[in-house]
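Below is a short report on one protein chain.

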Amino acid sequence: MTAYAEFHRRSIQDRDGFWAEQAQLVDWKSAPTQVCDYSNPPFAKWFVGGTTNLCHNAVDRHLKDRAGQAALIAVSTETNTERVYTFAGLHAEVQRMAAVLKDLGVQKGDRVLIYMPMIAEAAFAMLACARIGAIHSVVFGGFASGSLASRIEDSEPKVIVSADAGSRGGKVVEYKPLLDEAISLSSHKPGAVLLADRKLAAMNIVAGRDHLWGALREKHLNTVVPCEWVESTHPSYTLYTSGTTGKPKGVQRDTGGYAVALAASMKHIYCGNAGETYFSTSDIGWVVGHSYIIYGPLIAGMATIMYEGLPTRPDGGIWWSLVEKYKVTVMFSAPTAVRVLKKQDPALLTKYDLSSLRALFLAGEPLDEPTAQWISGSLKKPIIDNYWQTETGWPILGIANGVEQKASKFGSPGVPMYGYNVMLMDDAGEELVGGDKKGVVMVEGPLPPGCMQTVWRDDDRFVKTYWQKLNGKYVYSTFDWGVRDADGYYFILGRTDDVINVAGHRLGTREIEEAISSHPNISEVAVVGVADNLKGQVAVAFAVVKDASVLVDDAAHAKLEAEVMKVVDNTIGAVGRPARVRFVAVLPKTRSGKLLRRAIQAVCEGRDPGDLTTMEDPAALQQIKDLTAA
């Protein structure tokens, strides 16, 4: 077994040789002629000249040896259903979906927007797009019409795949009205809408545009749709992520590099083997759902569990019951979910046979040490944190136990993963050498396979947002502060920009501010992320009101706060709703007019706000102090 330090060193110093070996983990129709083309930095093209297909690697290639093995296990505690699809069954359903999409006019390179709950049909749609060379864009089902409309406008889908409704905590969430409103708001109109009817809510069907999946599926029960072999650099999907500006960025992913990165990560990081079961508790609307519910486990020949429901319903043991029932070997969740489970009956952790489980991986937000210690002591299994982003598609920092068994450190996601040349940079743009120095976590280009190619239709934004020059080389910014200890382990300290992490969901404060400021009684607003024991962070808004009577009338304050919350719900979705909206006469700013967000955040968290010599009106911050102390 190669020591990990040498494994990582080779991935940086013999980049092409290293990745040529990893490329053997996937099937190619035609072999790549060049491993990495970095002739136009910071843009990297991986496995140039090779042709492949994500759906083939996830489904078709397993038919020879494991056609009858479970591939997709769709569990819903909301509808009390469990469906198990073998690789052969999944293959058939994906071909039916692919045939329907082709009937609706979808061709190679067309976009298909998927706005669905966590049901099997969503997986069929993603894999069907990959099968025919279409580019899918999955939008989280918790987003409201305004957020959905902006994504429709940017991706310009030929077809939208959706459903009548989802369900959360036993409460039906209607998707179709939200989708109809989003289409009306968007300047781009899809050619067709394909709908899965779960019989949870009545649907208003638009003649000529809307089609029911069930009826069209019946026409293609035996249709054969071969895989479309695409260039390695062909986009597989776009996934929108919040930024410091209101407009979300469409992270564009390739095909060949992504397939190789996922196959390698399943072997080296997650240690998942063909024939076993993988359970990621995420949602397909997020990057974890793309990489480690749909593509990664299936590429590795594993069964993957797709779960619709809460971790506490019917009780806090539901996830552990699934581990026992399906003999889960690898599980992936988020620190927020663990903190929720910590509040449940501890007996539920010993009620089920968890002997199949080898490790629990956590990501999405910083893992605090008390939470890590509690779940480690309760499960008596390795707890392995890892750190990555929508932009990278797989871990930047972690533990690669498939290469060398390495100890986890509570509070740290680990060491740089192979392919990532990670560094820390100070405010002056100088690299920090040695341990225990705080800097921004950066990665020297090129980014390894599987990372974003660019921002969808906006190369300029890709370069300006993420890259800067250091000693003549391009370096990628994660926008996260970090510290590296003497052993090379990193500790993530939080964002450098105005993005907050609420229960693993990345939200741009600008998006929330724009929603709140659309209320007629709000003239100005600042949103900050505030530390929270359960969710890691929550959004708190401070808004300047036009009608000052709200400031002295508690009933009017409560009424306006409820109205503002509803505006956010309708514009972004409940996922973007602030924990509190506080109303003030003025916001703290510098004399040059810049909002003092850091000072507001510090006051909310009971910390010293630091140097305030440039503040225009000290009373503005005092007002926030008084509100948060009340």
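## A residue in α14

Is Ile 375 buried or exposed? Ile 375 is buried, because its relative accessible area is 1%. Buried means under 20% relative accessible area, exposed over 50%, and partly exposed in between (1.4 Å probe, protein chains only). The model is predicted: local features need pLDDT of at least 70, side-chain atom pairs count only at pLDDT 80 or more, and totals for chains, interfaces and linings use all residues. Residues are numbered from 1 along each chain as its sequence is written, and side-chain values use heavy atoms, with hydrogens and water left out.

Ile 375 lies in helix α14, residues 369-379. Helices (H or I, at least four residues) and strands (E, at least two) are DSSP runs, numbered from the N terminus. Leaving aside neighbours within four places in sequence, Ile 375 is in contact with Trp 320, Val 338, Leu 360, Lys 380 and Ile 383. Contact means heavy atoms within 4.5 Å. Ile 119 is 256 residues from Ile 375 in sequence. In space, the two are 28 Å apart, C-alpha to C-alpha.

## Helix α7

Helix α7 spans residues 145-155 and contains Ser 147. Ser 147 has 5% relative accessibility, so it counts as buried. Beyond its neighbours within four places in sequence, Ser 147 is in contact with Thr 571 and Ile 572.

Eight of the eleven residues of α7 are buried, so the helix is largely enclosed by the rest of the structure. The buried residues are Ser 145, Ser 147, Leu 148, Ala 149, Arg 151, Ile 152, Asp 154 and Ser 155.

## Two helix pairs

Helix α1 (residues 4-13) packs with helix α2 (residues 15-22) at an angle of about 110°, and their axes are 5 Å apart. Axes are lines fitted to C-alpha atoms, for helices over the stretch in contact, and angles run from 0 to 180 degrees between N-to-C directions. α1 and α2 are therefore roughly perpendicular to each other. Angles of 65 to 115 degrees count as roughly perpendicular, under 35 as roughly parallel, over 145 as roughly antiparallel and the rest as oblique. From α1, the contact takes Phe 7, Arg 10, Ser 11, Ile 12 and Gln 13. From α2 come Arg 15, Gly 17, Phe 18, Trp 19, Glu 21 and Gln 22. The contact of α1 with α2 has four nonpolar, four polar and three charged residues. Ala, Val, Leu, Ile, Met, Phe, Trp, Tyr, Cys and Pro count as nonpolar, Asp, Glu, Lys and Arg as charged, and the others, Gly among them, as polar.

Helices α10 (residues 256-268) and α11 (residues 287-299) pack at about 80°, with axes 9 Å apart. That makes α10 roughly perpendicular to α11. Tyr 258, Ala 259, Leu 262, Ala 263, Ser 265 and Met 266 of α10 meet His 290, Ser 291, Tyr 292, Tyr 295, Gly 296, Pro 297 and Ile 299 of α11. The contact of α10 with α11 has nine nonpolar, four polar and no charged residues.

## The whole chain

The protein chain has 19 helices and 33 strands. Its C-alpha atoms fill a box of roughly 70 × 60 × 55 Å along the principal axes. Of its 630 residues, 60% count as buried. Among contacts between residues at least 6 apart in sequence, 71% join residues at least 24 apart.
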